[in-house]
Amino acid sequence: EDRHCGWILTEAPLLRLALIQLDEKNYYFLKSHHHLLLDAWSGAIILEEMKGFYRALRRRQNWIYSQPRPYRDYITWLKSQDLSLAESFWRKKLAGFVNPTPLPGRESVSTHKKVTRFIKHQIAFSGETTRALRSIAQRWCITLSTVFQGVWALLLSFWSGQDDVVFGMTVSGRPADLIGVENMVGLFINALPVRVQVKPELPLEEWLRQLHHQINQLQKYEYSPPVQVQGWSEIPRGTPLFETLVTFNS
């Protein structure tokens, strides 16, 4: 029922809490919020604060915690960024890319088409496979996320028959030069395009290192508004720049 309530963005609050009693001793605590309010990182911060208050309440103690830096400081930082630098970077990075990379057997998705059906697939790696992947990443001085992004690029290339592919990457959006940003609460998360040229002539190690370097460059422009990045590309308005999104959590 709560899921179907939805949200009216002009009416506060965009967060609901419900405590549901299941039986004499067990309860279910439900927190719902709109993504405009919080990202997952911020949700974890709030949960830790709630746990701290709860422990203090049970012990009949006062709990004093340090106030995080306000979200408005991030907005101020965001407004101070030079979008012309971001525009130059994205125009160069996306030049010549004119057709979004599709999933196999799937029509290109229009921004006006409503998706009504979802299919979920889950794959669990063994501990041995996970350790092997981590070992590769450490040996080649790249991140494990780069390995998975490389795998996804190869799969998209194989499925689409294209050696030049673009997919989306979820980034934290928290600028390293903003002091205290790791404890700030709000919406920082962003989704940006990753363009990958698949080069079978290159050894896998060298190709993944190039991808790792490219992603490090991209993270300098995490603040880029996705709508404007779309406008700086050669993909027509109304057509998604990318149809798949990779989110990696370690």
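Trainee: How do the residues lining the second largest pocket divide into nonpolar, polar and charged?

Mentor: Bearing in mind that this is a predicted model, the lining of the second largest pocket divides into twelve nonpolar, 14 polar and five charged residues.

Trainee: And which of the lining residues lie nearest the centre of the second largest pocket?

Mentor: Of the 31 residues that line the second largest pocket, those nearest its centre are Val171, Ser172, Gly173, Gln219 and Glu222, and the volume of the pocket comes to about 780 Å³.

Trainee: Which helices and strands each supply at least two residues of that lining?

Mentor: Helices α2 (40-58), α6 (144-160) and α7 (204-218) each do, and so does strand β3 (164-171).

Trainee: Which residues make the contact?

Mentor: Leu133, Arg134 and Ala137 contribute from α5, while Leu144, Val147 and Phe148 contribute from α6, and these contact residues divide into five nonpolar, no polar and one charged.

Trainee: What span should α5 have, going by its residues?

Mentor: At 1.5 Å a residue, the 13 residues of α5 should span 18 Å, which agrees with the 18 Å between its end C-alpha atoms.

Trainee: What about the backbone just after α5?

Mentor: There, cysteine 141 takes a positive phi of about 60°.

Definitions and conventions. Residues numbered from 1 in each chain as written. Predicted model: local features only at pLDDT ≥ 70, side-chain atom pairs only at ≥ 80, totals over all residues. Heavy atoms only, no water. 1 Å grid on protein atoms, 1.4 Å probe; cavity = no way out; pocket = protein on both sides within 12 Å on 5 of 7 lines; lining within 4 Å. Points joined across faces, edges and corners; volume = space filled by probe spheres on them. Helix = DSSP H or I, 4+ residues; strand = E, 2+ residues; numbered from the N terminus. Nonpolar A, V, L, I, M, F, W, Y, C, P; charged D, E, K, R; others polar. Contact = heavy atoms within 4.5 Å. Expected span 1.5 Å × (residues − 1).
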